[in-house]
Amino acid sequence: MPKLTINGTEVEVPPGYTILQACNQAGIEVPHFCFHQRLAIAGNCRMCLVEQEKAPKPVASCAMPVADGMVVHTNSPLAQKARKGVMEFLLINHPLDCPICDQGGECDLQDEAMAYGKDRGRYQEAKRAVRAKDFGPLVKATMTRCIHCTRCIRFAADVAGVPDLGGTGRGENMEVGTYVEKALTSELSGNMIDLCPVGALTSKPYAFEARAWELRKTESIDVVDAVGTNIRLDARGQAVLRILPRVNEDVNEEWLSDKGRFVVDGLLKRRLDRPYIRRNGKLVEASWPEALTIAAERLGKASADRIAAIAGDLCDVESMLALKEVMTSLGSTNLDCRQDGAKTPAAVRSSYIFNSAIAGIDKADVVLLIGTNPRQEAPVINARLRKRYLKGGFKAGQIGPFFDSTFPVTALGEGPAVLQALVEGNHAWLDVLKSAQNPMIIMGSGAVARADGLAILDLACRLADAVGAVREDWNGFNVLQRAASRVGGLDIGFVPGPGGRDLDGILDGASKGEVEVVYLLGADEFDVSRLGNAFVIYQGHHGDAGAGRADIVLPGAAYTEKNGTYVNTEGRVQLGRLAVYPPGEAKEDWRVLRALSEHLGRALPYDSLPQLRQHMLSLFPLFAQVDDVVATAWQDFGVQGPVSGADFAYPIDTYYMTDPISRASPTMAECAVSLAPNPLSKTGTHG
Amino acid sequence: MSGDNGGNPVEQPASFEFTPENIARARALIAKYPEGRQASAVLPLLYLAQEQHENWVPRAAMDYIGAMLDMAPIRVYEVATFYTMFNLRPVGPYFLQVCTTTPCWLRGSDAVLDACRSKLGIDIDERTADGRFTIVEVECLGACVNAPVLRVNDDNYEDLDGPRTLALLDALARGEKPPRGPTIERQNAAPVGGPTTLTTLRFDGGGDAA
């Protein structure tokens, strides 16, 4: 390990480190713009210049590998003078428009200019200006502010895998852009806003909304997909104004999907802020006691086998548990949290989680995607797969219809027949999987959500065993869920009990009149017309399909408005936190259910969230391991049976509209129109 | 000449393809580079496209080359816009490149440029109304010995002054092609007025050979 001296202190770092990394390890800050630890090194901003003894001139520390015996000074007069020179050049063309720039207050250039900028410029000539560019509905480009660090270019090409950005022209005429006018088509484009060290790329929907220092920050968890991306909710007053990613190396590194970031304006639209009761075919406003009384009456009156509950994709575990216990107290086992009709067995945990964990992707060398388009179902996990591909020595195969992958995949076929052939040993790719050191199988949630789902699970399970994907030190069988509530719901057994009806059973029963009352907890993603004449109680936060069909609407809280537990696709338990209070008369969901249980005369045994969590822990100890992945034992699952010839279908039609919040968001509506591969015609929610 | 064109879009052809002959040349160029490094051929291929397409590279050609070399189109745009030798908008069949770098400037490139301007009635980076001439200002053309230099398409006209530039432009306008090279009495880059060195060198022991 090379030893070098930085500012008089001896530091020992691993070989291959750059001076900048060594400085970071030693706790010495070196200013920089173009360097970013998750991007390729460019070395073009020159802000990180340091003095290295015996070097003829200052060196760019971000690009200079360490060598034994190096002596580096990061704050010597030479280094200071070099940086001041660089800063003066950067400010020649950078507009001094901080008062009207959205980056103001969280701008790297502004911060460094405080340290290295002069109080006045010596440059008398006209500043350069760049013609306005349109990068689509999410990223606002003010390229006159660009300092050409090329972070966005490297991000688009390497991480997002959509090489649309580049630096065209030369010298003073160099511009960062797409050259031909087009919108950024990545599902991760919002991360460029975070990466941009100046105000060249800012958030379009958030433009001129707030200043960084006015915002109240709350650490929480994203729910628009099942990745469990760690996020920060920035709120002012009673509105969350923006969502930013937090660093979590094991989950999202520091990326956030565009849906998770820009769904924020949907939180203020089409909200259910008071209870409603359907009278003469129309939903009319009601008070809580009225609504709860009627709901309790209908639930209590019907016999236990004629009531049912369905939990949606955005629910926290606490509210699902409360609903399950309300239903259990009434004697009903007609429960389902799999509103896409997935056949996943709740009894075997390893059959529905991403067993290798997301970080396990870094170790895999062969990946087989079964009926999943990770780019749409989990953009952040897709970025991890691409990162693995860029490292080299990686092969990916795919069973399912073609999609525009950001890493090369070998198409093996579109239906379960290929899977069968693999299991039976008559497919060339079996050898590829078998010869892999750490083979990985990623099953899409859509592959299980079909009539032969259990048979497909059985095939996948046998394939995993056959190719050695499951060993003591490695479990490469992964299910890529896309509903944030799914793993948590399965963990607490929000599935039909003995003799209970599953989703199909409930909907069939409802349309035939065998199920009288259906309780929907934020469930909107199924065909509500199949609810027939059943009495529908909808508890949720957005006026979507479920609320439109409901006979009683009980307003609940969106994920930003409650403290809740979520389990991501890996089975990682994470806590979402309240950033603002629910609007109007809406309440946290578990409280609504607690109040309902009171009206039913079967009060739940908890009066506060800590009590509820205590109760939850006593039933399901795995929820105690917050932020960790709990080791899960491997068992056989699935049921051997015939599979249909039907091709796999991906569950997401329009990436930007998959849940009640994103469907309410004007920004997402605009994206769906202008960015989706098959643009939708403009809808009523547009604009 | 960048494709920016002052914010006005350039009328672009819908498609571009190499002629069969140029495809063969392109293959030969690509084959010069190691496997997997075919992107290195982007410069000669762009040049080939410019040669084939009336001395300018349309966007369709950049996309075509990108596809041919398995590069993202933006990577080709980056290269094409970086090198000023690629014309990204239509130019006249007489493409006049006036060198104004120091040696040419010291030897009177201003007069050459003024002659072009006054004769053609256009300024730098402009094209005459009849579409035949385009003037651009370039950096060193590598013929400093014969400064000042004006390059017309692929031919250098050297040792120019104002009147001789006007005469050259007249000849070009008539459709003639004057011989390239020095426009004064001079053999290529040899000294003006005959040899000035080695004139007294003798190998027979006599004279004042140094």
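In the predicted model described here, A:Arg530 is partly exposed, its relative accessible area being 27%. The side chain of A:Arg530 meets that of A:Asp504 in a salt bridge, with a distance of 3.2 Å from N to O. A:Asp504 belongs to helix H16 (residues 503-512) of chain A, whereas A:Arg530 is found in the loop between strand E22 (517-521) and strand E23 (535-540) of chain A, so the pair ties together parts that are 26 residues apart in sequence. A:Asp504, with a relative accessibility of 35%, also counts as partly exposed. Side chains of opposite charge can pair in this way when their charged atoms come close.

Over all chains, the structure holds 58 salt bridges. Another of these joins the side chains of A:Glu106 and A:Arg242, at 2.9 Å from N to O. This pair links distant parts of the chain, since A:Glu106 lies in the loop between helix H2 (77-93) and helix H3 (108-116) of chain A and A:Arg242 lies in strand E12 of chain A, 136 residues apart. A:Glu106 is partly exposed at 29% relative accessibility, while A:Arg242, at 9%, counts as buried because buried residues are those under 20%. A further salt bridge is formed by A:Asp551 with A:Arg549, whose closest N and O atoms are 3.6 Å apart. Here A:Asp551 is buried, with a relative accessible area of 14%, and A:Arg549 is likewise buried, with a value of 18%. Salt bridges also link A:Arg38, A:Glu249, A:Glu253, A:Glu254, A:Asp362, A:Arg384 and A:Lys387 in a network.

Strand E12, which carries A:Arg242, takes part in an open sheet of 3 strands in chain A, arranged in the order E10-E11-E12 with antiparallel pairing. Strand E10 (216-221) and strand E12 (239-245) stand at the edges of this sheet and have a single partner strand each, so one side of each is left without a neighbour in the sheet. On average, neighbouring strands of the sheet are turned by 30 degrees against each other, direction ignored. Strand E11 (residues 230-236) of chain A is joined to E12(A) by 6 bridges, and the two run antiparallel. In this pairing, A:Arg236 stands opposite A:Ala239 of E12(A).

At least two residues of the lining are supplied by each of helix H1 (19-25), H3, helix H5 (191-195), strand E9 (201-203), E12 and helix H6 (258-262) of chain A. The edge strand E12(A) gives the most to the lining of this pocket, with 6 residues.

The largest cavity has a volume of about 110 Å³ and is lined by 16 residues, among which A:Val224, A:Asp225, A:Lys259, A:Arg482 and A:Thr658 lie nearest its centre.

In chain B, the domain assignment gives domain 1 (2-82) and domain 2 (94-182). The C-alpha centres of these domains of chain B lie 27 Å apart.

Technical notes. Residues are numbered from 1 along each chain as its sequence is written. Chains are lettered from A and ligands numbered from 1 in the order in which they are written. This is a predicted model: local features need pLDDT of at least 70, side-chain atom pairs count only at pLDDT 80 or more; totals for chains, interfaces and linings use all residues. Side-chain values use heavy atoms; hydrogens and water are left out. Two strands pair if DSSP finds at least two bridges between them. Helices (H or I, at least four residues) and strands (E, at least two) are DSSP runs, numbered from the N terminus. Axes are lines fitted to C-alpha atoms, for helices over the stretch in contact, and angles run from 0 to 180 degrees between N-to-C directions. Domain bounds come from an automatic or database domain assignment. A salt bridge is a side-chain nitrogen of Lys or Arg within 4 Å of a carboxyl oxygen of Asp or Glu. Buried means under 20% relative accessible area, exposed over 50%, partly exposed in between (1.4 Å probe, protein chains only). On a 1 Å grid over the protein atoms alone, a cavity is a set of points where a 1.4 Å probe fits but cannot get out, and a pocket is an open set with protein on both sides within 12 Å along at least five of seven lines; lining residues have an atom within 4 Å of a point. Grid points are joined across faces, edges and corners, and a volume is the space filled by probe spheres set on the points.
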